[in-house]
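Try each task before you read its solution.

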Amino acid sequence: MIRYRMLIDGQRTEAVGGGWFPVYDPSTEEIIAEAPKAGPADVDRAAKAARAAFDSGAWPQTTAQERGRLLFRLAEKIRNESAHLAELETRNTGKPIVEAEFDIADTATCFEYYGGLATKVLGHVNPVPDNALSLSLREPVGVAGQIIPWNYPLLMAAWKLAPALAAGCTCVLKPAEQTPLTALEMAGYFEEVGFPAGVVNIITGFGEEAGAPMVTHPAIDKIAFTGSAAVGKNILRNAAESIKRVTLELGGKSPNIFFADADFEAAVDGALFGVFINQGEVCSAGSRILVERPIYSKFIEALAEKSKAIRLGAPLDRETKMGPLVSKEQYERVREYQEIGKQEARLISGGGRPSSFAKGYYVEPTVFADVDNSTRIAREEVFGPVAAVIPFEGESEAIRIANDTPYGLAAAVWSRDIFRALRVVKSVRAGIVWVNHMQPTYVEAPWGGYKQSGFGRELGPWGIEEYLETKQVHINLNEQPIGWY
Ligand code: NAP
Ligand code: MG
């Protein structure tokens, strides 16, 4: 059994309490490794190491250029190890290897992007009405506590670590309990590429024991969280006590809207890609498919036929288009939504467990038609390959249904009418809107939600902003005393 170790203060370490937890391959249901079960004492060690590295030692002395170079070296190391990292990611998450390869390439690109951005953080001269020089300086926020989910394990780690390190912060990162392996593998790279000890700390364990103590720890200045809305609310409440900066990237129930004039082939293809990529375990999944009446019957027929043809298989097989879900817990949750959907709407494909697999957390890509937007399968995030197809009549009804959700992460609209498409773009309350596409994500462009999908933005220049404070500096150019009294 391989035992991976955490990274605290530059040391590869076990948990203080000596506990370990099993890590699974969801395609075989077998244990493939063990990770340290961190608790509050480990969080305390990691937070203090990150605090010390932020307050003293080499890191606060590094220039932006030096931080940029470290990030470039890290990106290069990840590219060199990409075959190994992709395989490890696939074994731990069940995602198809071809998708994992994209994830690892995106991970390296993210570190590169922020390596470049490190030297482009600019201050400001404020035009104050006095004989003075007024400046705004940008400074790192301090110690960042970063908590991430299991759907894109290493990529989510990069989205958190890269902007924070570029800004000059130090970090305590906690991967999801289901998928700690690639982050623990990467933990070995930081010293090799030249990061000082304590700048990056990676702890593994469960949310209550290893995540929650980060949120209340006095040495941590900011919490960056990606995960479910329920945990996000809990974090926001607990962060209030110490007025921590908080950014939240939560879930969604994103509408993928198809007008009758859309290119039919591209539309059906886009509906499938929008909801089934990565087994549907995507925060921006287009899980509500809104289809205009004139093409509705033809659309659901094509959707049913094509989703039945999706190739489920072993995650390491390059032909596989859908692997198992990440865990038993997630499998049971999705199976339950398949049953809920059967009560609420008309099942047109999937709806169960594929019979061809003796083992593994596989579920069939599932499509429900004639869904009413008030039902649970239209309102609750399933986070699996379950689509709810909702018919609509005309633009205003499409917009009303699209916005009738507590979430606001993403949306897509498909039409050949540019005027209509852009009216929908403006009317939908969501942080990301695609036109005639769904899901492409770029490190150069902002990512984050409206409404209960959270606040703050990751990626692009917006991403580094969340790790910066602004300091006003006023330099008096008058040599005389103030002379007030
Ligand atoms: P989750 O249960 O909310 O967990 C996310 C992370 O929070 C995990 O590391 C988890 O640890 C930790 N955690 C759990 N309870 C905590 C607590 N009380 N205090 C501090 N941390 C705690 O979500 P998940 O099941 O891993 O991921 C699925 C969710 O993430 C979906 O809702 C999805 O939409 C969302 N998501 C959003 C985005 C985005 O960019 N907006 C991206 C990906 C995923 P454990 O692993 O030990 O539970
Ligand atoms: Mg969880």
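This is a predicted model: local features need pLDDT of at least 70, side-chain atom pairs count only at pLDDT 80 or more; totals for chains, interfaces and linings use all residues.

Residues are numbered from 1 along each chain as its sequence is written, chains are lettered from A and ligands numbered from 1 in the order in which they are written, and side-chain values use heavy atoms, with hydrogens and water left out.

**Exercise 1. Find out what surrounds ligand 1, and which side chains make polar contacts with it.**

Solution. Start with the shell, counting a residue as near if one of its heavy atoms lies within 4 Å of the molecule. That gives 31 residues, and the closest are Glu177, Gly207, Ser228, Leu250 and Glu381.

Next, sort the shell by residue type: 16 are nonpolar, 10 polar and five charged. Here Ala, Val, Leu, Ile, Met, Phe, Trp, Tyr, Cys and Pro count as nonpolar, Asp, Glu, Lys and Arg as charged, and the others, Gly among them, as polar.

Then look for polar contacts, meaning pairs of N or O atoms within 3.5 Å (within protein, one must be able to donate a hydrogen and the other to accept it, and residues adjacent in sequence count only if both atoms are side-chain atoms). The side chain of Ser228 places an N or O atom 2.6 Å from a ligand oxygen. For Lys174 the distance from a polar side-chain atom to a ligand oxygen is 3.1 Å, and for Trp447 it is 3.3 Å. On its own, ligand 1 has 890 Å² of accessible area, and the protein covers 91% of that (Shrake-Rupley method, 1.4 Å probe; for residues, only the protein chains shown count as cover).

**Exercise 2. Work out which elements and domains supply the shell around ligand 1.**

Solution. Take the secondary structure as DSSP runs numbered from the N terminus, with helices (H or I) of at least four residues and strands (E) of at least two. Helix H8 (207-216), strand E11 (222-226) and helix H9 (229-239) each give at least two shell residues. H8 has the largest share, with four residues.

Now step up to the domains, whose bounds come from an automatic or database domain assignment. Ligand 1 lies between domain 1 (2-250 + 453-472) and domain 2 (255-435), because both give residues to its shell.

**Exercise 3. How many disulfides are there, and why does Cys171 form no bond?**

Solution. Recall that a disulfide is a covalent bond between the sulfur atoms of two cysteines. The test used here is a pair of cysteine sulfur atoms within 2.5 Å. A search of the whole structure returns zero. For Cys171, the closest cysteine sulfur belongs to Cys169 and is 6.5 Å away, too far for a bond.

**Exercise 4. Is Gln338 buried or exposed, and what does its side chain contact?**

Solution. First place Gln338 in helix H12 (residues 328-344). Its relative accessible area is 0%, so Gln338 is buried (buried is under 20%, exposed over 50%, partly exposed in between; 1.4 Å probe, protein chains only).

**Exercise 5. Describe the setting of Lys451 and Leu459, two residues other than glycine with positive phi.**

Solution. Lys451, with phi near 50 degrees, sits in strand E21 (residues 450-451) and is partly exposed at 36%. Leu459, with phi near 70 degrees, belongs to the loop between strand E22 (454-455) and helix H16 (460-465) and is buried at 2%.
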